[in-house]
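Keep the structure open while reading.

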Amino acid sequence: MIILQTEQLTKQFGKLIAVNHVDISVQRGEIFGLLGPNGAGKTTMLKMFTTLLSPSFGTVKISGFDIVKQPNKVRQIIGYVPQMLSADGTLTGYENLLIFAKIYDLPAKTREKRIWELLELMNLKDSANFLVRTYSGGMIRRLEIAQSLLHQPHILFLDEPTVGLDPIARQTVWDRIIHLSKEYDLTIILTTHYMEEAENLCTHLAIMHLGKVVAQGTQKELKKSAGDPDMSMDKVFSHYAGAEIEIGGNIHGLREISETRQTARRLG
Amino acid sequence: MDSEKFQKQDKQQEDLDNWKKWPIINFITKTLVITELEIRKLKHDPTELISRVIQPIMWLLIFGEVLAHARAIPTGHMSYLAFMAPGVLAQSVLFVSIFYGIAVIWERDLGIVYKFLSSPAPRTSLVLGKAISAGIRGFSQAIIVYILALLLKIPLNLNIWALLGVLIFILLGAIIFSTFSLIIACIVKVRERFMGIGQLLTMPLFFASNAIYPIAIMPRWLQIFSHVNPLTYEIDAIRHLMVLNAPSVYGLGKDFGVLLLASIIIVWIGSKIYPNIAT
Ligand SMILES: Nc1ncnc2c1ncn2[C@@H]1O[C@H](COP(=O)(O)OP(=O)(O)OP(=O)(O)O)[C@@H](O)[C@H]1O
Ligand SMILES: [Mg+2]
């Protein structure tokens, strides 16, 4: 079952086309990775998915709801963790969850139960009553994921969930994400520029470069279409987004990329 | 945790809670959640309130005392200090409120704003909830100014209804000016730019009002500006309610009407422009 689908999704900031005619579709239960270098347009995509930005062109449907025509329907079924560590440092971990539980209308009777279950799930029970400004980066990330799950969203958007975390913290966050996907059949869309993260976590990937999705599929499919099933993901990535892009390659969109790159160079 | 079971429970609860779905109830509860959030922050760190004691002290004890001795400003049967104390109170609330725009930009830089805007909470609630919390911060200014005024032997009206009235007018003023500040923040989006503009706006608002001198002694052009300045009506009402036997120039009814209308309009504009902060 398709849970998210974009058609010709485009976002323009003045002259810059941050997201350029993107078509992706995500099936229920996938961990879908948007992989791309800085400035590829990953955050801009997620901001459109989460109704923060409206597209310049094209459409996005989430569980059948149009993000422009039915933003409030969409907002009720999505969870979002922005790129920055954005839990409120001046409140406790518990309070951060409580406020959002109220924002999402969790009934008073089950609210406490739900909050503590999520704190437990994210291994934050012991620090629940400390101010978040005393938390480590990894703890903040886990708190934010808990926050985004309060209302049982159908789909969770994570913008660079492990950026700036040390290897151990990163591992715990990965572990929690996989757990959510397996146990609750939650669809997760995350962005990353860590190859390792894409490889370990994502069932499906879309490789983004200069606003375009240049390839998408399972890791296997991507390797195969890049020409070698035993290729490392690093190689696959540079095959699609790297410096040596061949003009006229058989992958849809490559020609335009090299054109955009030339334009970018001229402008820069 | 069993998510299926949870969903079933939620379904039953949903039927019971259907009245909560009414837009007006939803609007009010969400507004109060945002206010609660701000109050919780204040509870964790009340030092901010304490640091705001200084300004009213300076204005009343230095500026006020000096001008009172000079007898330069005609304030009718009221002493100059009694005349200006309500002005100082409104000014403190104005400063608290104008600070809100910086907080909004700060929350944008931290990413907090994005989570609220991607939630189904009504945009109007996000704006009004914050504005009300500016009013609550303003109440703490009232306590400071009242204590100072008592020490200075200004004849205060301590009738409970008069006190309550003062709080209402502080709240309305705070809603107007904090939302005004939020609107500017949503337009400029950069903290440094906001700082300059914030300064630029606060001073004219303050001086083009009846805070520290009556409008009657202003030059004509400034009088016109003062009459469209909500601060003038806020101070007119607070002066009447706060100081014994202080007249209201426009009448409480008009003051209230003007401020309520201004609040509604500005919060409405604010709720339209607030989502821009995420772009
Ligand atoms: N509000 C905006 N106004 C103008 N340009 C913008 C805006 N937001 C993003 N951009 C530009 O759009 C492009 C894509 O930005 P985006 O933040 O989506 O990239 P990203 O893939 O998330 O990168 P990163 O890995 O650095 O987070 C960049 O060139 C960026 O400068
Ligand atoms: Mg990004």
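In what order do the six strands of the open sheet in chain A run? The model is predicted, and in it the order is 7-8-9-4-10-11. The pairing is mixed. Strand 7 (78–81) and strand 11 (212–218) of chain A are the edge strands. Each of these two pairs on one side only. From one strand to the next, the twist averages 15°.

**Inside the sheet**

Strand 4 (residues 31–35) of chain A pairs with strand 9 (residues 187–192) of chain A. The sense is parallel, and the pairing runs over five bridges. Within this pair, A:F32 of chain A stands opposite A:I189 in strand 9 of chain A.

**Helices on the sheet**

Helix 1 (residues 42–49) of chain A packs on the sheet. Its contacts are with strand 4, strand 7, strand 8 (155–159), strand 9 and strand 10 (204–209) of chain A. The direction of helix 1 makes about 150° with that of strand 8 of chain A.

Helix 5 (residues 137–149) of chain A lies across strand 7 and strand 8 of chain A. It runs at about 160° to strand 7 of chain A.

**Around ligand 1**

Where does ligand 1 lie? Its place is between chains A and B. There are 15 residues around ligand 1. A:G39, A:G41, A:K42, A:T43 and A:T44 come nearest.

Which element of chain A gives the largest share of the shell around ligand 1? Helix 1 of chain A does, with three residues. Strand 2 (16–22) of chain A and helix 1 of chain A each supply at least two residues of that shell. By type, the shell residues divide into five nonpolar, eight polar and two charged.

| Residue | Protein atom | Ligand 1 atom | Distance |
|---|---|---|---|
| A:G39 | polar backbone atom | oxygen | 2.8 Å |
| A:A40 | backbone N or O | oxygen | 3.1 Å |
| A:T44 | side-chain N or O | oxygen | 2.5 Å |

On its own, ligand 1 has 640 Å² of accessible area. The protein covers 65% of that area.

How values were computed. Residues numbered from 1 in each chain as written. Chains lettered and ligands numbered in written order. Predicted model: local features only at pLDDT ≥ 70, side-chain atom pairs only at ≥ 80, totals over all residues. Heavy atoms only, no water. Pairing = 2+ DSSP bridges. Helix = DSSP H or I, 4+ residues; strand = E, 2+ residues; numbered from the N terminus. Axes fitted to C-alpha atoms, helices over the stretch in contact; angles between N-to-C directions. Contact = heavy atoms within 4.5 Å. Near = heavy atom within 4 Å. Polar contact = N/O pair within 3.5 Å; in protein donor to acceptor, adjacent residues only side chain to side chain. Areas by Shrake-Rupley, 256 points an atom, 1.4 Å probe, with all protein chains shown as cover. Nonpolar A, V, L, I, M, F, W, Y, C, P; charged D, E, K, R; others polar.
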